[in-house]
Amino acid sequence: MSAPHMDPDEFRRAGHAVIDWIADYWATLEQRPVAPADPPGTVAAALPASPPTACEPVEAVLADLDAIVVPGLTHWQHPGFFGYFPANTSGPSLLGDLVSSGLGVQGMLWASSPACTELETVMMDWLAQLLDLPQRFRSSGSGGGVIQDSASSATLVATLAALHRASGGRWRDAGIDRRYRAYTSVHGHSSIEKAVRITGLGSDGVRPIEADPETLALRPAALRAAIEADLAAGEIPAIVVATIGTTSTTAIDPLPEIGAICAEYGIWLHVDAAYAGAAAVCPELRWSHAGLEYADSYCFDPHKWLLTGFDCDAFWVADRGELVEALTVLPEFLRNAASESGAVIDYRDWQVPLGRRFRALKLWFVLRWYGAEGLRAHIRSGVALAARFADRVRADGRFELAAAHPFSLVCFRLHADDDTNAELLARVNGTGRVHLTHTRVAGRYTLRLAVGSPQTAERHVDEAWELLTAAADNLLRP
């Protein structure tokens, strides 16, 4: 018996049904609870214990999507989803991903699918132009860009390249034979510690640098002191990771001062702008990137705030030669004339995995559908909605803003203890109408409202505020 492969006509019929299902899902998002209330194990218990023996029609799968899967989702595209950071997708992005999946190409080498590589190189140059990144990151010079799966991978790759530089190339053969150090703000992302652990430096290899209590940004004087202390102890400073838009509060580390210190000591500077980098498509928000000309590498996530579905991290280096030297491994079965000519880019040498998806297609679809003006309108809308919410907080004496809000995240809390603020969050999220998350700022429990969904409008931000004030009324009632 032959396998029941889906032929083109069957695919066309099923594909229409799936596209219709997704469109209906998007159209009804606002009517759904943002997050499920069911206990852990609910979805797993509703699934059969064994895989099907015979093939099942697409209609049966879609029915179970509706009955089992969707009720157990947190709906990240919901207009009332204000948690974490946005993880936007969009129609053009989904269509580009569909084409990528349909083509099923492997982009590990230029020779394994030339268009996959060349489109990605051009898309990264397009993005560099849109953000007005320094010329040293463009592929026309010694630098260039590549799509990673996430900013976590970008940080790992930057750390490997930094170790290659700091060790004079020795680490490739000898491994970690000396004590290398990485530096980042106490508010730096957890992926920095993970990258340092993966590279073999251990958690102790990270030097957390204190932040200014007002701006919540890394203090350059404290960075210099840590570097000098390590040098005096015979340790080797390898990499500094500065952040544009920290995860908790979107604080902006002072790149001009940090970059000058890195240049003085010859330390690799990686800039993580995973969320806030998208803001630089708007000229009026590019002040946040001042000092980027010092960076050896930089990344941001179009899959956060730029309408491109996960996974899509844009990562640039100023010297692609250093990155390739650090990561290249060439077995015989990958040797080919194009690679040996030196005239092409093989992106396998710019990342940890060998294989690569054709991620540039969804970026191409998004950039062409929205254009620069459409993307700027999306970012400006998020910033304006966050400012609208912050104005409400500022005007209510029971609440306070916990940090500046230069982008589309607002950190705030009640003038009350941590338990009361935690209960406020639980009650508001329990309505199913909105979903917020929390952090700690200056040690205090703080609520975060992050705007990003393309479906979010003023009424959704206003509803969030109404739910918060109603819950506060009940909690603070004598």
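**Helix H16 and beyond**

User: How many residues does H16 have, and how far does helix H16 reach?
Analyst: This is a predicted model. In it, helix H16 covers residues 458–476, which is 19 residues. From first C-alpha to last, H16 reaches 27 Å, close to the 27 Å expected at 1.5 Å a residue.

User: Which residues of H16 are buried?
Analyst: His460, Val461, Asp462, Ala464, Trp465, Leu468, Thr469, Ala471 and Ala472.

User: And what do the buried residues of H16 pack against?
Analyst: Two helices, H14 (360–395) and H15 (418–430). Strands E8 (399–401), E9 (409–414) and E11 (444–450) are packed against as well.

User: OK, E11. Which strand is joined to E11, and by how many bridges?
Analyst: E10 is joined to E11 by five bridges, and the two run antiparallel. The hairpin has two residues between the strands, and Ala442 takes a positive phi near 55°.

User: Which residues of E10 are on the covered face?
Analyst: Thr437, Thr439 and Val441. His438 and Arg440 make up the uncovered face.

User: New topic. How many residues are in the largest nonpolar core?
Analyst: It has 66 residues. Leu127 and Trp316 are among those with the most contacts inside it. Helix H5 (residues 114–131) gives the most to this core, with eight residues.

User: What does Leu127 touch?
Analyst: Leaving out residues up to four places away in sequence, Leu127 touches Phe300, Pro302, Leu306, Ala314, Trp316, Leu363 and Leu367.

User: What lies apart from that core?
Analyst: Another core, of 32 residues, including Trp171 and Trp268.

How values were computed
Residues numbered from 1 in each chain as written. Predicted model: local features only at pLDDT ≥ 70, side-chain atom pairs only at ≥ 80, totals over all residues. Heavy atoms only, no water. Helix = DSSP H or I, 4+ residues; strand = E, 2+ residues; numbered from the N terminus. Expected span 1.5 Å × (residues − 1). Buried < 20%, exposed > 50% of the residue type's maximum accessible area, 1.4 Å probe, protein only. Contact = heavy atoms within 4.5 Å. Core = buried A, V, L, I, M, F, W, Y, C linked by side-chain atoms within 4.5 Å. Pairing = 2+ DSSP bridges.
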